[in-house]
Structures are given as structure tokens and as C-alpha cells.
There are 2 protein chains.
Amino acid sequence: MRVIKSVKEMQEFSDSLRNRGEKIAFVPTMGYFHHGHLSLMDEGRKSGDCLIISIYVNPTQFGPGEDLEKYPRDFETDRELSEERGVDVIFCPSNSEMYPEHYQTFVDVEGVTRNLCGLSRPYHFRGVTTICAKLFNIVKPHVAIFGKKDFQQLVTVQRMAADLNMDIEVIGMPTVRESDGLAMSSRNTYLKKEERESALSLIRSIKLAKELYDNGERKTGKIIEEAQKFIEEHPYTKIDYVKICDAATMNDIEYIEGEAVLALAVEVGITRLIDNYVFGNPLDI
Amino acid sequence: MRVIKSVKEMQEFSDSLRNRGEKIAFVPTMGYFHHGHLSLMDEGRKSGDCLIISIYVNPTQFGPGEDLEKYPRDFETDRELSEERGVDVIFCPSNSEMYPEHYQTFVDVEGVTRNLCGLSRPYHFRGVTTICAKLFNIVKPHVAIFGKKDFQQLVTVQRMAADLNMDIEVIGMPTVRESDGLAMSSRNTYLKKEERESALSLIRSIKLAKELYDNGERKTGKIIEEAQKFIEEHPYTKIDYVKICDAATMNDIEYIEGEAVLALAVEVGITRLIDNYVFGNPLDI
């Protein structure tokens with residue numbers, strides 16, 4: 001396994017792979033790996049001849065007052081896990097390599113980023129799409145793999161890739177969960193012991209919403225109300241949003257007809273957790 | 001020579017070139033060719049194994065009330081001139097191919113686009129960078145060639161390519177002029193006979209500025225004042241801007257020290273003309 005820190009070296013390496021006709025699979029990450037990340041790597045290992053991952057805590061997707069500084073990092077463990085998982089290259093550039101002085105270019109996806117996390121984190125998706133555009137130009141993958149836990153992020157990156165004619169297949173992999181249902185996230189490490197039970201209110205409210213839907217409820221207002229009420233019954237919780245949106249446009253909907261997603265963002269103590277569920281799908285919890 | 005209208009076909013063609021190890025040179029244009037365009041093609045012919053040009057009047061770089069509808073078009077003549085010039089592929093997509101329904105992604109270069117044409121045409125450069133990003137992803141060139149007449153555009157595209165780590169060399173070619181010095185532009189076709197002499201006020205004010213500079217003047221206020229006065233003496237002229245900027249940042253400067261550019265935009269009748277001059281360079285007029 002190779003560790004590359006320079007943009008130029010990464011591009012030359014990827015060029016050499018492409019010149020040999022190899023298919024490049026890419027998993028962009030912010031590190032501090034859990035089983036969710038590992039599942040993306042497993043998918044990458046299957047879908048490409050060469051598996052490249054990036055580890056980069058991208059400052060432009062954090063807002064002022066967010067957790068950029070304290071975001072968990074553990075490169076040595078990440079490196080070992082990557083090696084075990086059959087990763088060929090870790091690309092882990094410095095901030096000055098990615099955003100040198102006079103940096104001034106941003107990619108903005110307008111429609112699908114405006115609701116949900118785009119409301120509470122106004123520049124977040126601009127940071128995500130910008131770093132993804134950069135990483136795609138550096139790693140030159142044929143396929144890029146993201147988790148569905150960040151559903152709006154996945155839709156946004158897919159939208160960007162399609163709109164800007166990036167010749168890259170962007171695929172989403174199912175959320176990986178702890179045995180009790182909590183969606184895996186590097187931020188779960190922030191949760192205090194006494195908050196852990198309240199963190200389960202997200203997946204449990206999803207189960208509740210699924211049951212209502214499976215029993216025929218299609219009015220989103222009704223489902224949202226029940227889910228919110230359920231979450232609010234748990235201590236330490238503060239709802240950022242509980243919404244049901246069209247899964248392609250991310251716009252709020254009143255009735256569930258086509259593909260619809262229930263999206264949740266809840267602060268549990270100081271930890272902001274997100275989760276989501278696309279109606280009509282199984283939920284193995 | 002091949003004419004390609006589909007994004008997918010263009011990408012597959014470029015992939016096949018790259019797989020054969022061929023170097024792709026690319027000249028993006030809005031068509032209605034003059035000798036300026038042809039000089040870019042000549043440079044492309046020299047710098048690549050395969051020369052691809054695009055002809056596309058990009059709607060997102062025109063503002064409301066600008067000349068999108070009446071922008072001159074003549075595909076048959078353009079095709080003949082391209083063939084003569086040794087072009088291998090013309091990529092000429094439709095609007096619906098480039099901006100399908102629900103299109104919503106834009107690339108914005110913030111710093112260098114804010115002055116000059118960015119002041120009078122607020123969304124112009126966002127349109128330029130967005131279409132260039134798209135075309136680069138479609139044509140997959142190693143080198144892209146632009147004219148220096150649109151100096152701010154060249155700086156902006158170079159900035160975007162560097163910031164987003166596009167692995168593309170973006171080069172600028174000297175402005176091609178009529179024998180009397182008028183910078184060639186597809187928009188010159190709008191000029192009425194009686195306006196033609198006034199259109200020369202741009203290059204002649206550049207000569208005046210060059211003389212002041214060559215005689216030791218470094219205060220930009222003084223040079224700008226003389227150039228403005230000179231242009232205003234001509235009938236039909238309305239100055240949009242006459243500015244002297246740092247050639248890298250496009251910021252106004254008070255004294256000429258490093259590389260500085262005199263940039264002009266003047267309406268002559270209904271025709272908006274631009275021209276520029278980087279101090280210290282020869283001017284063959």
C-alpha cells in the first residue's frame with residue numbers, strides 16, 4: 001500500500017493506472033474509520049482494479065463554530081485498517097496542498113443543497129462539492145463510492161457529477177449500523193455514556209415512521225409529527241430537522257407518492273447526528 | 001473531420017484517444033470564426049496529436065438583455081474553416097444536451113472575476129467557468145487554448161484549472177488584430193460603418209498609454225485619465241471601464257510595479273468591445 005501526499009504524484013500515479021487500462025475505484029473519507037467506511041472500501045475493492053482512498057478533513061465543509069478542530073483523527077489505525085482492507089493507495093494531502101494561498105474557486109450545486117443540512121449548515125455542501133471536484137480531478141477515478149447515511153451529500157455529489165459531465169459513476173452504499181441500530185459515524189465518539197440511549201431515538205423514530213407508512217399513512221405531516229414527538233421524549237435531544245423530501249430534489253413534500261426520504265438531524269448533547277430512511281425499503285433492525 | 005453532438009460520444013472518443021496515448025488539444029469557441037480563432041487552432045494543431053474544437057454559444061454566460069439571441073452564427077463556414085485548419089473534431093452540442101432539465105451546478109471563481117467585466121456582467125464569468133469545467137470533462141484535453149483578448153477570462157480559467165486541480169495546461173495566445181489595429185471579435189460584425197473609426201479608439205488609447213508608460217509614467221490615475229479622455233473624444237463611444245490592474249489578481253492598482261494590465265471595455269454604438277495591454281510588452285501596430 002502506498003501513501004501519497006502530493007497532488008502531482010497522485011495524478012501521475014492515476015495517469016499510469018489509466019494508461020495501463022486499469023479501473024480506478026475511489027473512496028473519499030475524512031478518516032477515523034468505522035465499519036461504514038470499511039464497507040465502502042470493500043465495495044471499491046470489488047468494483048475497481050485499483051482502490052484509492054483519501055483521508056482528508058476538509059476545512060471548507062465546516063462552518064464557524066463547528067467541530068473542525070476536534071474532529072477525530074487517527075492516521076495510524078486508519079492506515080492499518082486500509083491495508084487489511086486491500087486499499088492500494090491512501091491519498092492524504094495537507095491543507096496547504098489542497099488550498100494554497102489565493103485559493104478562490106468553489107463548486108455550488110444549487111437545488112438539492114438548499115433544504116435539510118443546507119439550511120443549518122449554509123456553506124457545508126459548497127465545501128463538499130468543491131473538495132469532491134478537486135479529489136476527482138486528482139484521483140481520476142472511474143467509480144466513486146459514498147455512504148447513504150449522508151443521503152443529501154450523495155444526491156448532491158451525484159448531481160454535480162452529472163451536471164458537470166464528470167465521467168464518474170457515483171454510487172451509494174447502505175448505512176452500516178451498530179447492533180442496536182445507531183448509524184455508524186465518526187462523530188459517535190463524541191457521545192457521552194448517558195446520551196447513548198437517546199442517540200437511538202433516530203433509528204427508533206425511523207422504525208416508527210416506517211410502521212406508519214407500512215400501515216398506509218402517506219401524509220408526511222402526520223408521520224413527521226409522530227417521529228418528532230418520539231425523539232423529543234428522549235433526554236439530551238434537540239431536533240435540527242425531521243423532514244420528508246422527494247428523494248431526487250430534496251424538496252419537502254406533503255404526500256408520499258414517488259421515492260421519498262425521511263431525513264433526520266438531531267443534536268444529542270453536543271453531538272449532531274443524522275440518519276435517513278427511504279420509504280418502501282426494508283430496515284434490518 | 002468528425003462532428004460530434006453528444007456528450008457521451010465525445011467522451012468515448014476522447015477516452016479512445018487517451019488510451020492510444022494521444023495528446024488532446026482543445027479550443028473552446030462560440031463559433032463565427034475570425035483569424036483570432038484560427039490562430040488558436042493553429043496553436044492547437046502544433047501542441048496536440050488530436051485537435052478538438054467546440055462551437056457552442058453558451059447561454060449561461062450571457063446576462064438578461066445581452067446579445068445571446070443575436071450572437072452571430074454560421075456553422076457551415078465555421079466547418080469549412082475548421083477543416084482547412086486541420087481540426088480533427090468539432091464538438092457542437094445542443095442546449096438541452098449541455099443544460100438538461102433540473103441543471104443546477106455552477107463553478108465560481110471568486111477573486112479574479114469581481115473587477116472589470118465581472119462588475120458590468122455579474123454572472124458572466126460564472127457561466128464561463130461552468131461551461132469550461134463541463135467542456136473540459138467532456139473533451140478531456142491535455143491542453144486548452146484561449147485568446148488573450150479576453151484577458152480576464154483567460155486568468156479566470158487558469159485560476160479555476162489550478163484551484164480545482166484540473167490536470168490541463170491552459171494557455172493564452174496573443175490577440176489577433178485587423179490591419180488598422182482593431183482586435184478581432186465576432187461582435188465586430190455589429191459595428192456600423194460610421195462607428196468603425198470610433199472602434200479604433202481602444203487600440204489607439206492603448207498606444208497612448210504605452211507611450212506614457214514607456215516615457216516613465218507609473219501612476220495609473222494619470223494613464224487612465226489620458227486614455228479615457230482620448231476615447232471620449234470619439235463619437236458613439238461610451239466607456240464601461242478603463243482600468244489598470246495587477247495581471248494576476250485583477251485588482252486595481254495605483255502604481256505600476258509588477259505585471260500590470262490596462263483593460264478597456266467600451267460600447268461603440270450598441271457593440272461592446274474589449275481590449276487590453278500588458279505593460280512592457282511590444283505592440284505591433
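Q: Which residue in S9(B) stands opposite Val242(B)?
A: Helices (H or I, at least four residues) and strands (E, at least two) are DSSP runs, numbered from the N terminus. Two strands pair if DSSP finds at least two bridges between them. S8(B) and S9(B), the latter spanning residues 260–268, run antiparallel and are joined by nine bridges. Facing Val242(B) is Leu264(B).

Q: At what pLDDT do side-chain atom pairs count?
A: Residues are numbered from 1 along each chain as its sequence is written, while chains are lettered from A and ligands numbered from 1 in the order in which they are written. The model is predicted: totals for chains, interfaces and linings use all residues, local features need pLDDT of at least 70, and side-chain atom pairs count only at pLDDT 80 or more.

Q: In what order do the three strands of the open sheet in chain B stand?
A: Three strands make up this open sheet in chain B. Their pairing is antiparallel. The order is S8-S9-S10.

Q: Why is one side of S8(B) and of S10(B) left without a neighbour in the sheet?
A: S8(B) covers 237–246 and S10(B) covers 271–278. Both stand at the edges of the sheet.

Q: What is the average twist from one strand to the next in the S8-S9-S10 sheet of chain B?
A: Axes are lines fitted to C-alpha atoms, for helices over the stretch in contact, and angles run from 0 to 180 degrees between N-to-C directions. From one strand to the next, the twist averages 15°.

Q: At about what angle to S8(B) does helix H10(B) run?
A: Residues 220–232 form H10(B). Contact means that C-beta atoms, placed from the backbone, lie within 7 Å. H10(B) lies across S8 and S9 of chain B, and its angle to S8(B) is about 160°.

Q: Which strand gives the largest share of the side of chain B that touches chain A?
A: The contact takes 23 residues from each of chain B and chain A. Elements of chain B giving two or more residues are H1 (7–19), S5 (105–109), H6 (124–139) and H7 (151–163). The largest share, five residues, comes from S5(B).

Q: Which residue in S5(B) does Asp108(A) stand opposite?
A: S5(A), residues 105–109, pairs with S5(B) in the antiparallel sense. Five bridges link the two. Across from Asp108(A) is Phe106(B).

Q: How far apart are the centres of domain 1 and domain 2 of chain A?
A: Domain bounds come from an automatic or database domain assignment. In chain A, domain 1 is 2–173 and domain 2 is 186–277. Their contact takes 14 residues from domain 1 and 16 residues from domain 2. Taken over C-alpha atoms, the centres are separated by 26 Å.

Q: Is Leu116(B) buried or exposed?
A: Leu116(B) sits in the loop between S5 and H5 (117–120) of chain B, and its phi is positive, near 55°. A residue is buried if 20 or more other C-beta atoms lie within 10 Å of its own, exposed if 12 or fewer, and partly exposed in between, with C-beta atoms placed from the backbone. Leu116(B) has 25 within 10 Å, so it is buried.

Q: What is the phi of Lys140(B)?
A: Most residues other than glycine have a negative phi. Lys140(B) is in the loop between H6 and S6 (143–147) of chain B. Lys140(B) is not a glycine, yet its phi is positive, at about 55°.

Conventions
Contact = placed C-beta atoms within 7 Å.
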